[in-house]
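Subject: Structure for your files

Dear colleague,

Here is the structure you are taking over. My notes on it come after the sequence and coordinates.

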Amino acid sequence: MTSMAITLVLCVSLAVNDAEVAITPEIFPSVVIGILTSTTVILKQPRCYFDKLEGLPCFLHQCEIWLVVARGHGVKRFDSEKTSADILSRSPYPDAFQDNMSPNYFITRVGVQSSFPCGELPGIRYFQVGSEGMCDTANCNGALPAGETIRVKYILVDPTSERIESETRWSQPITLLTTRAISSIDESTWKRSAAMVVVTVVPSCTLAVLLLLLAVALVQDCFFQEQTEITEPPSLGHGIRRYNTHNVYNSEYYSNVQI
């Protein structure tokens, strides 16, 4: 009876540890700038991905969520090695994508499970893969292989045993952008393109019209100032002939009233 109970517990434990949640990691919606570059990709956060699991050996504030990034045969290689006790250190980042003989996958820490609760949270929340650039420490969130096609999955890890307790499905293939050398860009093409002509001509014509309107406004302003200028009238004391009537010339007082 005791042996049957132990066997049952082990079976339940293995079922939990090998559980795969029916969730596929996705790229963040296109409202965010720079979702996909040659060495980085922005994913949706693993909110509420593992909250419905039961019988976990760690609590919400203890269980850790990690991300696996794989290229080519690295997908199958991780699946075959994920039950290893040292899985977190199997593929330190600097050696992950050196050549075809490399593991071609690496694992980086995302955060504790309690940091990604269910429900909507304020602000834009995402996880950028490759945000640490060309780092050289194991399990760092390093730059992705430029122009390559990768797949990702989230895993739930017990930090005490460093054992994978659950995982999501692999994402759909994600093809990174391809970088081009400056010397390979044909400058003659964009120099003569219609878009460049429009961008150059339209602002130039607009500036010319504005300058012309400014010149016309200045000329009109000067013209009206000259027309409305008030000149001082000639003095009444100059150039006026004196006229004396014959009947008031005498110094005697004159009146037209008959007495």
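The model is predicted. The protein chain has 259 residues, and 30% of them count as buried. Its secondary structure consists of four helices and eight strands, in the order α-β-β-β-α-β-β-β-β-β-α-α along the sequence. Of the contacts with a separation of 6 or more, 74% are between residues 24 or more positions apart. The chain exposes about 18,000 Å², with 59% of that supplied by carbon and sulfur atoms.

There are three disulfides. With the bonded cysteines numbered in sequence order, they pair 1-4, 2-3, 5-6.

C48–C118: the S to S distance is 1.8 Å. This disulfide is right-handed because the torsion about its S-S bond is about 70°. The pair links distant parts of the chain, 70 residues apart: C48 lies in the loop between β2 (41–44) and β3 (64–71), and C118 in the loop between β4 (105–112) and β5 (126–129). C48 is partly exposed at 26% relative accessibility, and C118 is partly exposed at 39%.

C58–C63: the sulfur atoms are 1.8 Å apart. A torsion of about 100° makes this disulfide right-handed. C58 is buried at 8% relative accessible area, and C63 is buried at 0% relative accessibility.

C135–C140: the S to S distance is 2.0 Å. The link is right-handed, with 80° about the S-S bond. C135 is buried at 15%, as is C140 at 4%.

C205 has 44% relative accessibility and counts as partly exposed.

Regards

Notes. Residues numbered from 1 in each chain as written. Predicted model: local features only at pLDDT ≥ 70, side-chain atom pairs only at ≥ 80, totals over all residues. Heavy atoms only, no water. Helix = DSSP H or I, 4+ residues; strand = E, 2+ residues; numbered from the N terminus. Buried < 20%, exposed > 50% of the residue type's maximum accessible area, 1.4 Å probe, protein only. Contact = heavy atoms within 4.5 Å. Areas by Shrake-Rupley, 256 points an atom, 1.4 Å probe, with all protein chains shown as cover. Disulfide = S-S within 2.5 Å.
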